[in-house]
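Biologist: Hi! Could you walk me through this structure in plain words?

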Amino acid sequence: IEHAQSQRMPDSVLYEVGNGVACITLNRPDRLNAFDREAALTLQRRLDEASSASEVRAVLLTGTGKGFSAGQDLAEVADPTGPSMAQILSEHYNPIVRRIRSIEKPVVAAVNGVAAGAGANIALCCDIVLASENAVFIQAFSKIGLIPDSGGTWFLPRLIGWQRASALMMTGDRVSAKEAETMGMVYKVLPAVGFMEAAMDMAKNLAQMPTRSFAFTKQALNGSFRNTLEEQLDLEDWLQQRAASTSDYREGV
Ligand code: T3D
């Protein structure tokens, strides 16, 4: 058993719960937390755990070491025995994005360093994106002849506008944390020193707030870009009635 344990690979995704927050940490620092199949499937399982655990009221997603995530592990796609492109999207990234958008709890991305390719777009689909001043965002896909995936073509134009999104996707330019904040790609840039503590404080604070209303807010936001105004007013009406039936609302009033 001892031998087997010493041979064990380190966990590709760490999971820790405290103060109502599930902290999910991408943990392949020697590859800038790039996703291989195992890491992508583990992240899905961790998101499911956070979703179903009643003591979890907010999720914090971050990375170990100097990167947040460099997206797809390119060594894996170069390996002829590795997963196919169809599997990579339908079994790895799309289920991650769907989980983040549908989990009925706020998900905060704490982008501690470089976020490239699918790594950038997974961060950008979170409910609140905080960036360390060391963070850099790169739509790296064009450099390897791909199109942006992991919801990037949906989220990025909505976050920063069509023109900037289009240019960043085609050029693959690096966007500094400050530029990302100015463009509205991220909510706030925070100093690198104390970054994780500040991000955790925000997640803890959200965990003390009305979780049900956050779930309804997410549903409303998810609908807002496909609905007409009429449809969105109806959706708000329906969700607000549900929010008004919670004990959080009664207590708040
Ligand atoms: O088929 C498909 O690909 C489908 C999937 C698509 C989804 C995608 O995410 S496509 C985009 C994939 N990602 C990239 O193209 C980014 C590749 N990485 C980079 O361009 C650079 O590493 C960064 C700009 C992100 C960071 O540069 P830098 O100079 O800070 O770090 P580095 O020295 O390049 O990387 C550090 C190590 O991480 C290095 O390993 P080493 O030499 O120290 O042993 C490097 O090989 C490794 N690494 C970085 N990115 C990846 C990676 N290893 C595997 N996969 C990576 N994506």
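**A chat about the chain and its ligand**

Modeller: Happy to! Let's start with Thr-25: leaving aside its neighbours within four places in sequence, its contacts (heavy atoms within 4.5 Å) are Ser-12, Val-13, Leu-14, Thr-62, Gly-63 and Thr-64. Keep in mind that this is a predicted model, where local features need pLDDT of at least 70, side-chain atom pairs count only at pLDDT 80 or more, and totals for chains, interfaces and linings use all residues. Residues are numbered from 1 along each chain as its sequence is written, and side-chain values use heavy atoms, with hydrogens and water left out.

Biologist: Where is Thr-25 placed, and is Thr-25 buried or exposed?

Modeller: Thr-25 sits in strand 2, residues 21-26. Helices (H or I, at least four residues) and strands (E, at least two) are DSSP runs, numbered from the N terminus. With a relative accessible area of 14%, Thr-25 is buried. Buried means under 20% relative accessible area, exposed over 50%, and partly exposed in between (1.4 Å probe, protein chains only).

Biologist: Nice. What does Asn-112 touch?

Modeller: Not counting residues up to four places away in sequence, Asn-112 touches several residues, including Thr-62, Gly-63, Thr-64, Phe-68 and Phe-195. Asn-112 belongs to the loop between strand 5 (107-111) and strand 6, and counts as buried at 12% relative accessibility. Its side chain also reaches the backbone oxygen of Gly-65 at 3.2 Å. That is a polar contact: a pair of N or O atoms within 3.5 Å, where within protein one must be able to donate a hydrogen and the other to accept it, and residues adjacent in sequence count only if both atoms are side-chain atoms.

Biologist: Let's switch to the ligand. Which residues come nearest?

Modeller: Of the 23 residues around the ligand, those are Ala-70, Gln-72, Leu-74, Met-85 and Ala-118. A residue is near a molecule or strand if one of its heavy atoms lies within 4 Å of it.

Biologist: And which backbone atoms pair up with a nitrogen atom of the ligand?

Modeller: A backbone N or O atom of Gln-72 lies 2.8 Å from a ligand nitrogen, and a polar backbone atom of Leu-74 is 2.9 Å from a nitrogen atom of the ligand. Taken alone, the ligand exposes 1,000 Å², and the protein buries 63% of that. Accessible areas come from the Shrake-Rupley method with a 1.4 Å probe; for residues, only the protein chains shown count as cover.

Biologist: Which elements give two or more residues to that shell?

Modeller: They are helix 3 (74-78), helix 4 (85-102) and strand 6 (114-116).

Biologist: Now the backbone. What about phi of Leu-32?

Modeller: Phi of Leu-32 is near 50°, a positive value in a residue other than glycine. Leu-32 lies in the loop between strand 2 and helix 2 (37-52), and is partly exposed at 25% relative accessibility. Ser-150 has a positive phi too, near 55°, but Ser-150 is buried at 1% relative accessibility.

Biologist: Last one: how many helices and strands does the chain have?

Modeller: The chain has 12 helices and 10 strands. Its radius of gyration is 19 Å, close to the 18 Å that the globule rule gives for 253 residues, so the chain is as compact as a globular protein of that length. The radius is taken over C-alpha atoms, and the rule is 2.2 Å times the number of residues to the power 0.38.
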